[in-house]
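Here are some notes for a first look at this structure. Please read them with the model open beside you.

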Amino acid sequence: LKEVDSPKLIEPKEKEVLDKWTPLLRKWLEKECDQSFALFSLQKCISDLEYPPGFMSRMLATLYDLEVIEENSIKDWLAPPDNRHPFLAKAKAAFSPSESISAKNNAKMFLDWLESQ
């Protein structure tokens, strides 16, 4: 994994809080499919908060930087593979198309950074 080096993507105080939970998160989210499912849960939380600007990007960047989530799990969150893990498609279906667009827009800064790597 490449270290996220953009100061706009990682808020030190948020990283400090998540870092305390990193060993547990890594254990729970060992499989990529579990990581992707967790991203849908994160999306739900951020949706409930009405998408604070950049929050999804910061959470993705921080979790990626802490090596809690992997690039493939992010790709599966964006476009769940129907044939491998049907429960991911079901998790995605819980969101309206506009909610999915809002989440992706909120994650855009990190997704653009990831694509450039």
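1. D48 forms a salt bridge with K44, and their closest N and O atoms are 2.7 Å apart. Keep in mind that this is a predicted model. D48 and K44 sit four residues apart in helix α2, so about one helical turn separates them. K44 is partly exposed, because its relative accessible area is 42%, and buried would need a value under 20%.

2. How many salt bridges does the structure hold? There are five. Side chains of opposite charge can pair when their charged atoms come close.

3. K75 has 45% relative accessibility, so it counts as partly exposed. E71 is partly exposed too, at 30%.

4. The side chains of K108 and D112 meet in a salt bridge, at 2.6 Å from N to O. K108 counts as partly exposed at 45% relative accessibility. D112 counts as partly exposed at 40%.

5. Turn to helix α1, residues 12-28. Yet α1 bends by about 55° at T22. A proline, P23, follows within four residues.

6. Stay with T22. Is T22 buried or exposed? T22 is buried, because its relative accessible area is 3%. Neighbours within four places in sequence aside, T22 is in contact with L66 and V68.

7. Look at the rest of α1. E14, L18 and L25 are buried along with T22. The cover over the buried residues of α1 includes α3, residues 55-65. Which residues make a nonpolar surface patch? V17, W21, L24 and W28 make one of about 470 Å². V17 belongs to helix α1.

8. Check two backbone angles. Y51 is not a glycine, yet its phi is positive, at about 50°. Y51 lies in the loop between α2 (32-48) and α3. Its relative accessible area is 16%, so Y51 is buried. E67 also has a positive phi, near 60°, and is a residue other than glycine. E67 is placed in the loop between α3 and α4. At 45% relative accessibility, E67 counts as partly exposed.

9. Last, L78. This residue lies in helix α4, residues 71-78. L78 counts as partly exposed, because its relative accessibility is 22%. Which residues does L78 contact, leaving aside its neighbours within four places in sequence? They are K92, K104 and L111. For L78 and L18, 60 residues apart along the chain, the C-alpha atoms are separated by 22 Å.

Note on methods:
Residues numbered from 1 in each chain as written. Predicted model: local features only at pLDDT ≥ 70, side-chain atom pairs only at ≥ 80, totals over all residues. Heavy atoms only, no water. Expected span 1.5 Å × (residues − 1). Bend = angle between axes of the 7 residues up to and from the residue. Buried < 20%, exposed > 50% of the residue type's maximum accessible area, 1.4 Å probe, protein only. Contact = heavy atoms within 4.5 Å. Patch = residues over 30% accessible without salt bridge, like charges linked within 9 Å, V, L, I, M, F, W, Y side chains within 5 Å. Areas by Shrake-Rupley, 256 points an atom, 1.4 Å probe, with all protein chains shown as cover. Salt bridge = Lys/Arg side-chain N within 4 Å of Asp/Glu carboxyl O.
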